[in-house]
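Open the model in your viewer and keep the sequence panel beside it.

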Amino acid sequence: MLHRHTVGDVMTEEVVTLRPTTPLHEAAALLDANDIVAAPVVDDAGDLVGVVSASDVLRHETGTPDPQGRGGTGEHVWSKARAQTAGELMSSPVFTARADWTIPRATRELRRRHVKQLPVVDTDGLLTGIVTRSDLLDVFIRPDAEIRGQVEQDILGRMLGLDEGSVTVEARDGVVTLRGQVPQTRLVPVIVGLCQGLEGVVDVDAHLSGGRAD
């Protein structure tokens, strides 16, 4: 089987976290010092209870309302306006991911939730990491040499057992070009499909002929 990256492969395991009692000025300083856009809030047991973003802090300090209306209404908004700690300002419940999620699933969740990152939790709800948009994008922006090597070694060699050199592989800007001859015509769409499924492949240009029809 071809290796498909998961959230666990790309997430950051050393996460900057806040406690519910962390004063807002300390939360702001931690976000700034670590150049991050948000930090999970965990309780004494390590359970994820919320998240505080830099935009939350800025809106609080400037008195600017949330343009997407996520702050709530009435007493909830007033309570956040008076917040002095991370626990009082944090957003909760938190949208989370699991380490075994595929990259496309995590990407869809980020888009659906309109967030830039997702805390990663285990089956017990404990924080194990954090994954950002840039983490996920890095998987798809792969060097051409790496893509070519995976096609040659994993698909043509290990999976299909083709003779070395029977198919030449070129990769440029994510476009894979295949030239050569394969033992059976039916293998052509199989090879193309496998190459299209590789992370980082934009398109496949196949110039392959079959040794015999099936």
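## Stop one: helix 6

Select residues 103-113, which form helix 6; the buried residues here are I103, A106, E109 and L110. Buried means under 20% relative accessible area, exposed means over 50%, and partly exposed lies in between (1.4 Å probe, protein chains only). These four cover an arc of only 125 degrees around the axis, which puts them on the same side of helix 6. The arc is that of the directions from the helix axis to the C-beta atoms. Now colour R108, R111 and R112, which are exposed on the other side of helix 6.

What covers the buried residues of helix 6? Show helix 1 (7-10), strand 3 (117-121), strand 4 and helix 7, which are among the covering elements. Contact here means heavy atoms within 4.5 Å. Helices (H or I, at least four residues) and strands (E, at least two) are DSSP runs, numbered from the N terminus.

This is a predicted model: local features need pLDDT of at least 70, side-chain atom pairs count only at pLDDT 80 or more, and totals for chains, interfaces and linings use all residues. Residues are numbered from 1 along each chain as its sequence is written, and side-chain values use heavy atoms, with hydrogens and water left out.

## Stop two: helix 2

Move to residues 24-33, helix 2, where L24, A27 and L31 are buried. They cover an arc of only 55 degrees around the axis, which puts them on the same side of helix 2. H25, D32 and A33 are exposed on the other side. The cover over the buried residues of helix 2 includes strand 1, strand 2 (48-53), helix 3 (54-62) and helix 5 (86-89). Just after helix 2, select D35, which takes a positive phi of about 55 degrees.

## Stop three: a pocket

Select T12, I36, Q117, I130 and T132, which lie nearest the centre of the second largest pocket, among its 16 lining residues. Which element gives the most to this lining? Strand 1 does, with three residues.

## Stop four: confidence

Colour the chain by pLDDT, the predictor's confidence in each residue, from 0 to 100. The mean for the chain is 88, and 89% of its residues reach 70 or more. Confidence is lowest in helix 4 (residues 75-81), at a mean of 59, and highest in strand 5 (residues 167-172), at 96. Where pLDDT is low, the predicted coordinates should not be read in detail.

Technical notes
On a 1 Å grid over the protein atoms alone, a cavity is a set of points where a 1.4 Å probe fits but cannot get out, and a pocket is an open set with protein on both sides within 12 Å along at least five of seven lines; lining residues have an atom within 4 Å of a point.
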